[in-house]
Amino acid sequence: MLLPRHRAMTLLRSLPLTLLLGMPAQALATLNPETEEQDRRASVINELEEDESVDEVEHSTQRGAPNTGTTPANAAAQPDIGILPSGQTQPSAPDTPVAANVDLNDVVTAPESELLAMQLDTLPMPRPAQPLALLGSEVLPGTSARLAWSPGIQIPGLSQPTPVLAVNGIHAGPTLCLTGAVHGDELNGIEIVRRTIYDLNAEELSGRVIGVPIVNLPGFQQGSRYLPDRRDLNRHFPGSPDGSLADRIAHSLFENVIRHCDMLVDIHTGSLKRTNLPQLRADMNNPDVATFTQGFDRMAVVHSSGSPGMLRSAAVAAGIVAVTLEAGESHRIQEHQIEAGVNSLTSLMEKQGMTSRMFVWGDPEPVYYDSDWIRAQHGGILFSEVDLGAHVSEGEILGYVADPITNAQYPIRANSNGRVIGMAVDQVVMAGFAAYHIGTEAEIPAE
C-alpha cells in the first residue's frame, strides 16, 4: 500500500539517519509515490556519508539567497549548492581566481623573505667612491687623513699650517664641509667638528666629510675673535688674492677647501658676553636651504638672509647649500651645546644618506622662528629672570637693569609670545644694548 505523499514525506523526515542510510532504495520508494525524488535523495546521502554531515547539507543556504533558516520554496527544483554528480567539479565564480596546483610537500621560501628579496633587487647598488684631491694630496676611498691648509700670509720661517680633517667614504655621495672657529674665541665649534669627524667610519660612509676645526688659527692662539689686523674674517668671503689680510685668508680657504663642498655647516657661538640656544641661521627664502634645514634633529631654525662677506652667504652664492650653526657662548666649552651640535650633524648625515645609524631620532622636525632683539632702555647692571631656551609670554619680565648708584630698577619685558633663543649674560649694559633674542614660531616661507 502506498502512503499519501504528505504522510510519506513526514515519515521520511522522522526516521533516524542511521536507518535511512541502511535502507535500500526500494524500501525508500515505498514511502514516497515519487520514486525519482527518493532515488535522488538516496544517491546524495550515499555520496556524502564519508565527507560531510547531512545536517550541514540540509541547513546550508543557497548562494545569493537570504538565510532565513527555512528551506526555499523552490528547493526541490534546484540542486543543492556544492553537490555535484560523481567525477564533476563545481564551476568557480566568474571573478574568483583559480589557485595554481602545487605540491605541498615542496619546501618554498617564506612570502616575507621573497618580498624582501624582490625589494632588495630593486634597490640601486651603491656606487664606489673616487679619490678626493684636496690640498695637494689624494685621499683614497674608505680612508681618513689629516691634511694642512696654509693661507700663505705668515712669515715663511714661522708659518704654521691649519689642520684639515678629511674622511672619504667607501661609497660615492655628497661632500659635507664643517668649519669651526672662524672667530678665534668660539670654542664649542672646534669640539663639535672634532667629535663629528672622529666618530665617522670611512668604510661605512657614503660621500665625504671635510672638517676645518680652527679656521682662524691666529685668533685662536691669541684668544681673540678677530684676526691680527682686528678684522672680522666672517665679513670678507669669498675674499680676494690681493686684498687685505682678511681678504687673502678668506680667498685661500674658499678656493682650496670650500669649493669642494656640496653642503656647508659653519659653526659659531654668541659674540662676547652673549649666549645662543643651539640653532641654525638660514636664508629660508632659498628653497634648497629651507629643505636642507629639515635634516637637523629638533633644531631651532632662525630665518636670516645673512650679510655680505659671511661665509655661508658666499657659499650659497657659489651654489653650495649652507647654514650657520650657533651654539652657546664664546671662550667656553659647554657640553650641552656641543652634544646638541653633534647630534644635529649626525642626524643631517643620516638624512642625506651618508650614514645609517641604528636608531630613530625622537622628533626630527625643526622649529622655525622669526626673531627680534629686545634692547635695554637704561644703563646699569643686567640681572636676568629667565633662562636660555625659556618660553615666555608677551609682557613677561625677562630681567632688570639696576642702577648701582640710585638703586633704580628698570624691567625688560617680552614684546611677544616666544622663546628665548639668545641673551646677554649678566653684565654692565648701556642703553641700546641687545639683551634678549626672542624667537616666534613661523612657517617655512615655501609653505
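Which residues of α9 are buried? They are A246, D247, I249, A250, S252, L253 and F254, where buried means under 20% relative accessible area, exposed over 50% and partly exposed in between, with a 1.4 Å probe and protein chains only. This is a predicted model, in which local features need pLDDT of at least 70, side-chain atom pairs count only at pLDDT 80 or more, and totals for chains, interfaces and linings use all residues. Residues are numbered from 1 along each chain as its sequence is written, and side-chain values use heavy atoms, with hydrogens and water left out.

**Confidence**

- The chain has a mean pLDDT of 80, and 69% of its residues reach 70 or more; pLDDT is the predictor's confidence in each residue, from 0 to 100.
- For residues 17-22 the pLDDT is below 50, and this stretch has 6 contacts beyond near neighbours in sequence; contact means heavy atoms within 4.5 Å.
- Residues 40-93 also have pLDDT under 50, and the model gives them 26 contacts beyond four places in sequence.

**Helix α9**

- Helices (H or I, at least four residues) and strands (E, at least two) are DSSP runs, numbered from the N terminus.
- With 12 residues, α9 reaches 17 Å from its first C-alpha to its last, close to the 16 Å expected at 1.5 Å a residue; the expected span is 1.5 Å times one less than the number of residues.
- The cover over the buried residues of α9 includes β3 (143-149) and α11 (311-317).

**Backbone in loops**

- A cis peptide bond, with omega near 5 degrees, runs from F237 to P238, and P238 lies in the loop between α8 (217-222) and α9 (245-256).
- L135, in the loop between β1 (132-134) and β2 (137-139), has a positive phi of about 55 degrees although it is not a glycine. L135 counts as partly exposed because its relative accessibility is 23%.
- A181 also has a positive phi of about 55 degrees without being a glycine, and sits in the loop between β5 (171-180) and α7 (187-198). A181 counts as buried because its relative accessibility is 0%.

**Nonpolar cores**

- A nonpolar core is a set of buried Ala, Val, Leu, Ile, Met, Phe, Trp, Tyr and Cys residues joined through side-chain atoms within 4.5 Å.
- The largest one has 34 residues, and L176, V209, V265, F292, F296, V323 and L345 have the most contacts inside it.
- Its largest share, 5 residues, comes from α12.
- Leaving aside neighbours within four places in sequence, F292 is in contact with M263, L264, V265, V321, V323, L348 and Q352.
- Apart from this core lies another, of 29 residues, among them L253, C261, I320 and A322.
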